[in-house]
Amino acid sequence: MRSISVRESDDERDLAVHRSGVLKRIRDPELASVVAFTAAQYRSSLAGLSIIMGRRQILLGAVGTDIQETSIEDSFCAVTIQRPGEPLIVPDATADGRFADFRTVTGQPYVRFYAGVSIVDRNGYALGALCIADPTPRTDPFDPTVLLIRAREIERLVRS
């Protein structure tokens, strides 16, 4: 079984998540509206704001799913946080060896396209990611500008 690694230790990230207070904002209407706007802007059937804590991914807000928590074993966002500030764009997950055997690729919701950007606290810890996904691959060039802008907006909301 593959293991998702992260740049900082689970303990350091968990402490940063706790300090941020972000977990108190699960299903927060302000955060949910940013996620919904991002999904609409990209015409994406799935979108989420996830926080990575220990070995789990917690969805603070989502479009296209009612899942609230998953393991990071099949988490695109756990990979996204490994390179804060850089968007992770996966045109077709079935053709990418890092993701082809993820349960979310081989089964529901059959993710093919994924794009995500880290959400970083003021101390530089990647707490999670804002992402979009679709069951259809995207072969056209992807512009992550709106995703980056919305991720910065979420960072400001989380820091306030």
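## Contacts around Leu147

Two residues are said to be in contact when they have heavy atoms within 4.5 Å. Leaving out residues up to four places away in sequence, Leu147 touches Thr38, Tyr42, Ala115, Gly116, Val117, Leu130 and Ile132.

## The model and its confidence

This is a predicted model, in which local features need a pLDDT of at least 70 and side-chain atom pairs count only at pLDDT 80 or more, while totals for chains, interfaces and linings use all residues. Residues are numbered from 1 along each chain as its sequence is written, and side-chain values use heavy atoms, with hydrogens and water left out.

The pLDDT, which is the predictor's confidence in each residue on a scale from 0 to 100, averages 91 over the chain, and 94% of the residues score at least 70. Over residues 1-8, however, the pLDDT is below 50, although this stretch has 26 contacts in the model beyond near neighbours in sequence.

## The nonpolar cores

A nonpolar core is a set of buried Ala, Val, Leu, Ile, Met, Phe, Trp, Tyr and Cys residues joined through side-chain atoms within 4.5 Å. Here buried means under 20% relative accessible area, exposed means over 50%, and partly exposed lies in between, using a 1.4 Å probe and protein chains only. The largest nonpolar core has 27 residues, and those with the most contacts inside it are Leu49, Leu130, Ile132, Leu147 and Ile154. At least two residues of this core come from each of helix H1 (10-20), helix H2 (29-41), strand E1 (46-53), strand E2 (56-63), strand E5 (113-120), strand E6 (126-134) and helix H5 (145-159). The helices (H or I, at least four residues) and strands (E, at least two) are DSSP runs, numbered from the N terminus. Helix H5 gives the most to this core, with five residues. A second, separate core has 20 residues, among them Leu46, Ala93, Phe99 and Val105.

Leu157 lies in helix H5 and is buried, with a relative accessible area of 14%. Leaving aside neighbours within four places in sequence, Leu157 is in contact with Arg25, Glu30, Leu31 and Val34. Its C-alpha atom is 18 Å from that of Pro84, a residue 73 places apart in sequence.

Thr145 is also found in helix H5, but at 39% relative accessibility this residue counts as partly exposed. Although Thr145 and Pro87 are 58 residues apart along the chain, their C-alpha atoms are separated by 9.5 Å.

## The largest pocket

On a 1 Å grid over the protein atoms alone, a pocket is an open set of points where a 1.4 Å probe fits, with protein on both sides within 12 Å along at least five of seven lines, and lining residues have an atom within 4 Å of a point. Grid points are joined across faces, edges and corners, and a volume is the space filled by probe spheres set on the points. The largest pocket has a volume of about 480 Å³. Its lining is made by 25 residues, of which Gln57, Leu59, Thr104, Pro109 and Val111 lie nearest the centre. Two or more lining residues come from each of E1, E2, strand E3 (69-71), helix H3 (76-80), helix H4 (103-106) and E6, and E1 gives the most, with four residues.

## Loops and backbone geometry

Pro109 lies in the loop between H4 and E5, and the peptide bond from Gln108 to Pro109 is cis, with omega near 5 degrees. Tyr110 has its place in the loop between H4 and E5, and has a positive phi near 60 degrees although it is a residue other than glycine. Tyr110 is partly exposed, with a relative accessible area of 35%.

Arg27, in the loop between H1 and H2, has a positive phi of about 60 degrees and is not a glycine; at 34% relative accessibility, Arg27 counts as partly exposed. Ala95, in the loop between strand E4 (88-90) and H4, counts as exposed at 66% relative accessibility. Ala95 and Pro137 are 42 residues apart in sequence, and their C-alpha atoms are 9.8 Å apart in space.

Cys77 is buried, with a relative accessible area of 3%, and Cys131 counts as buried at 11% relative accessibility.
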